[in-house]
Amino acid sequence: MTISLPGHAGLDVSGMLDVAYREARTSLDEGGIPIGAALFAADGTLLGAGHNRRVQADDPSAHGETDAFRAAGRQRDYGPTIMVTTLSPCWYCSGLIRQFGIGTVVIGENTSFYGGEDWLREHGVEVIVLDDERCAEMMSSYIAANPAVWNEDIGVAPADENVEMS
């Protein structure tokens, strides 16, 4: 699949999503939440890829998009960059996208979770949702099997305050 956006004509979005998807699979294989992301330059060059490491690193800030952002290193201008993520970015990751002015976000799926994508659009970010079945299946299966970990990831407090974290 190719997309045509100003400054991004002819990019292989499917291949870009494959990078993020492999990162999500890596997180799942490590026992973590299967969300992957990758930051690309305007010409499609991979700048950095990463995955959700909240469980593995015991770090609540280690979301997939932040991991990819960190792996990309410093950039002089994030406007022409493209953040590709397997899942709609949460408010934390949406804030990162806005803070640094990332111009385009490609989302694998948003049925398992719908984050700040409307807010991003309202602020001029190009948002493309691919409705990728692989991403949706992986995430929905994970959520069904690990609801407490998932709720922690999206900031939903447990109903029973005596629940211990594992």
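This is a dialogue on how to read some features of a predicted model.

Me: What kind of model is this, and how are the residues numbered?
Reply: The model is predicted, so local features need pLDDT of at least 70 and side-chain atom pairs count only at pLDDT 80 or more, while totals for chains, interfaces and linings use all residues. Residues are numbered from 1 along each chain as its sequence is written, and side-chain values use heavy atoms, with hydrogens and water left out.

Me: How many helices and strands does the protein have, and in what order do the elements run?
Reply: Helices (H or I, at least four residues) and strands (E, at least two) are DSSP runs, numbered from the N terminus. The protein has seven helices and seven strands. Starting at the N terminus, the order is β-β-α-β-β-α-α-β-α-β-α-β-α-α. The radius of gyration is 15 Å, close to the 15 Å of the globule rule for 166 residues, so the protein is as compact as a globular protein of that length. That radius is taken over C-alpha atoms, and the rule is 2.2 Å times the number of residues to the power 0.38.

Me: What does the C-alpha trace span along its principal axes?
Reply: The C-alpha trace spans about 50 × 30 × 25 Å.

Me: What share of the residues is buried?
Reply: Buried means under 20% relative accessible area, exposed over 50%, and partly exposed in between (1.4 Å probe, protein chains only). Here buried residues make up 48% of the 166 residues.

Me: How are contacts read, and what share of them joins residues 24 or more positions apart?
Reply: Contact means heavy atoms within 4.5 Å. Of the contacts in the protein with a separation of 6 or more, 53% are between residues 24 or more positions apart.

Me: Which residues have the most contacts inside the largest nonpolar core?
Reply: In soluble globular proteins, nonpolar side chains tend to be buried together. A nonpolar core is a set of buried Ala, Val, Leu, Ile, Met, Phe, Trp, Tyr and Cys residues joined through side-chain atoms within 4.5 Å. The largest one has 17 residues, and those with the most contacts inside it are Met16, Leu17, Phe40, Ile82, Val84, Val106 and Leu130. At least two residues of this core come from each of helix H1 (13-29), strand S3 (36-40), strand S5 (82-87) and helix H6 (133-145). H1 gives the largest share, seven residues. Another core, of 15 residues, lies apart from it and includes Tyr78, Met83, Val105 and Val125.

Me: Which residues of helix H3 are buried, and what covers them?
Reply: Helix H3 (residues 64-72) is mostly covered, with seven of its nine residues buried. They are Gly64, Glu65, Thr66, Asp67, Ala68, Phe69 and Ala72. Their cover includes S3, strand S4 (46-51), S5 and helix H4 (91-99). After H3 comes Gly73, which has a positive phi near 75°.

Me: What does Thr66 touch, leaving out residues up to four places away in sequence?
Reply: Thr66 lies in helix H3 and is buried, at a relative accessible area of 2%. With those residues left out, Thr66 touches Ser61, Tyr92, Cys93 and Leu96.

Me: Is Ser94 buried or exposed?
Reply: Ser94, in helix H4, is buried, with a relative accessible area of 0%. Not counting residues up to four places away in sequence, Ser94 touches Pro89, Gly116, Trp119 and Leu120. Ser94 and Gly115 are 21 residues apart in sequence and 7.7 Å apart in space, C-alpha to C-alpha.

Me: Where does Val55 lie, and what is it in contact with?
Reply: Val55 lies in helix H2 (residues 54-57) and is partly exposed, with a relative accessible area of 41%. Leaving aside neighbours within four places in sequence, Val55 is in contact with Gly31, Gly32, Ile33 and Val149. Val55 and Asp153 are 98 residues apart in sequence and 9.2 Å apart in space, C-alpha to C-alpha.

Me: Where are Asp58 and Asp131 found?
Reply: Most residues other than glycine have a negative phi. Asp58 has a positive phi, near 50°. Asp58 sits in the loop between H2 and H3 and is exposed, at a relative accessible area of 66%. Asp131 also has a positive phi, of about 50°. Asp131 is in the loop between strand S7 (126-129) and H6, and is exposed with a relative accessible area of 52%.
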